[in-house]
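Have the viewer open as you read.

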Amino acid sequence: QVRVIESGGGLVQAGDSLRLSCTASGRTFTAYAMGWFRQAPGKEREFVAALSWSGGSTFYYYADSVKGRFSISRDNAKNSVYLQVNSLKPEDTAVYYCAAGSSVLLNSRIAGNLRSYNYWGQGTQVTVSS
């Protein structure tokens with residue numbers, strides 16, 4: 001069984017920063033991609049950021065709305081991925097979901113597609129007050 005677990009959400013003020021963490025584990029699962037999506041009330045789940053790795057190279061993808069403010073990274077030793085979110089805005093308020101995929105993400109279109117990921121976490125709430 002594969003488990004994806006997020007943490008690090010909370011209630012912050014506009015301009016603050018947070019670091020979201022995600023760990024994927026499972027004996028029969030090898031991840032080649034991990035991504036973050038978010039879903040605000042009444043809206044569809046949207047892509048935030050992702051990274052994918054293959055042959056010693058790592059590829060990074062970001063939604064235009066978060067470029068320059070959010071940064072995704074991973075720790076191989078801990079099998080974890082992180083999302084550093086800076087200069088938070090009230091419109092960043094959402095449940096943030098981590099996802100893991102077993103295929104390399106070859107371009108931004110694939111990275112932003114929910115169906116590119118096999119396993120999802122339960123989400124962590126980020127609320128930004130103005």
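## Charges

For the charge count, Lys and Arg are positive and Asp and Glu negative, with His and the chain ends not counted. Each charge is placed at NZ of Lys, CZ of Arg, CG of Asp or CD of Glu. On that basis the protein carries 13 positive and 8 negative charges, and their mean positions sit 8 Å apart.

## Ground rules

This is a predicted model, where local features need pLDDT of at least 70, side-chain atom pairs count only at pLDDT 80 or more, and totals for chains, interfaces and linings use all residues. Residues are numbered from 1 along each chain as its sequence is written, and side-chain values use heavy atoms, leaving out hydrogens and water.

## Overall build

Along the sequence the pattern reads β-β-β-β-β-β-β-β-β-α-β-β. The radius of gyration is 14 Å, close to the 14 Å that the globule rule gives for 130 residues, so the protein is as compact as a globular protein of that length. That radius is taken over C-alpha atoms, and the rule is 2.2 Å times the number of residues to the power 0.38.

The C-alpha trace spans about 45 × 30 × 25 Å along its principal axes. Of the 130 residues, 42% count as buried; buried means under 20% relative accessible area, exposed over 50%, and partly exposed in between (1.4 Å probe, protein chains only).

## The core

A nonpolar core is a set of buried Ala, Val, Leu, Ile, Met, Phe, Trp, Tyr and Cys residues joined through side-chain atoms within 4.5 Å. The largest one here has 38 residues, and Trp36, Leu83 and Tyr96 have the most contacts inside it. Among the elements giving it two or more residues are strand 4 (33-39), strand 8 (80-85) and strand 9 (94-101). Strand 5 supplies the largest share, six residues.

Leucine 83 touches, among others, Leu20, Trp36, Val48, Phe70, Ile72 and Tyr96, not counting residues up to four places away in sequence. Contact here means heavy atoms within 4.5 Å.

## A look at serine 7

Where does serine 7 sit? Serine 7 is in strand 1 (residues 3-7), and is partly exposed, with a relative accessible area of 39%. Not counting residues up to four places away in sequence, serine 7 touches Arg19, Leu20, Ser21 and Thr124. Serine 7 and tyrosine 97 are 90 residues apart in sequence, yet 9.7 Å apart in space, C-alpha to C-alpha.

How values were computed: Helices (H or I, at least four residues) and strands (E, at least two) are DSSP runs, numbered from the N terminus.
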